[in-house]
Amino acid sequence: MSLTGAACGFKRAAPADHVFEKDHFMTHARLLAVPAALLALAGATAASAHARLVSTTPAANSGVGGTNRVALTFSERLLVPMSGGDVVMTGHPGTPHHAPMKIAGFKRSIARDGKTLELVTARPLAKGNYQVRWHAVTADTHRIAGAFAFQVR
């Protein structure tokens with residue numbers, strides 16, 4: 001004796017093609033959601049990127065002849081009043097344990113490109129080791145800071 005679904009009290013299921021359409025729609029919706037999420041993340045990453053130091057003159061960790069100018073170029077335009085730096089002598093010939101000494105007399109300016117911070121003094125720097133301690137603020141108002149060293153021979 002065989003029992004049918006109706007005899008057991010089961011209701012008949014909807015035709016299979018209705019289930020297929022619903023599953024097919026959900027699969028496409030999931031597939032489209034992944035690229036949309038990736039695009040949103042990429043946009044958020046680009047929007048949250050901050051300025052960065054691109055190059056310095058003298059180059060970091062380099063040795064140069066007498067110079068009276070230090071230039072730092074950034075990836076974005078700088079806000080002048082909130083960007084600057086100090087030049088500090090960290091070593092002097094004949095004095096192996098020279099205490100760091102800030103060099104006075106540097107004038108700060110921003111080059112025409114708006115991205116280059118210039119520190120200039122009237123006289124060339126004496127022979128020795130130097131560190132430039134800088135800070136910069138760009139249009140996103142995020143402050144960045146750092147330091148690099150060079151040597152005057």
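F74 is buried, with a relative accessible area of 2%. In this predicted model, its ring forms an edge-to-face aromatic pair with W134. Here is a quick tour of the aromatic pairs, three in total, and of the salt bridges, of which a search of the whole structure finds two.

**Aromatic pairs**

- The rings of F74 and W134 sit 5.2 Å apart, centre to centre, with 70 degrees between their planes.
- Because F74 lies in strand β3 and W134 in strand β8 (residues 128–137), this pair ties together parts that are 60 residues apart in sequence.
- Like F74, which is buried, W134 counts as buried, at 8% relative accessibility.
- Y130 and F150 form a stacked pair, with 5.6 Å between the centres and 20 degrees between the planes.
- Y130 belongs to strand β8 and F150 to strand β9 (residues 143–152), so their contact joins parts that are 20 residues apart in sequence.

**Salt bridges**

- R69 and E118 meet through their side chains in a salt bridge of 2.7 Å, N to O.
- R69 is in strand β3 (residues 69–74) and E118 in strand β7 (residues 116–120), so the bridge ties together parts 49 residues apart in sequence.
- R69 counts as partly exposed at 31% relative accessibility, while E118 is buried at 18%.
- K102 and D86 make a salt bridge at 3.4 Å, N to O.
- K102 counts as exposed at 55% relative accessibility, whereas D86 is partly exposed at 33%.

Key. Residues numbered from 1 in each chain as written. Predicted model: local features only at pLDDT ≥ 70, side-chain atom pairs only at ≥ 80, totals over all residues. Heavy atoms only, no water. Salt bridge = Lys/Arg side-chain N within 4 Å of Asp/Glu carboxyl O. Helix = DSSP H or I, 4+ residues; strand = E, 2+ residues; numbered from the N terminus. Buried < 20%, exposed > 50% of the residue type's maximum accessible area, 1.4 Å probe, protein only. Phe/Tyr/Trp six-rings, centres within 6.5 Å; stacked < 30°, edge-to-face > 60°.
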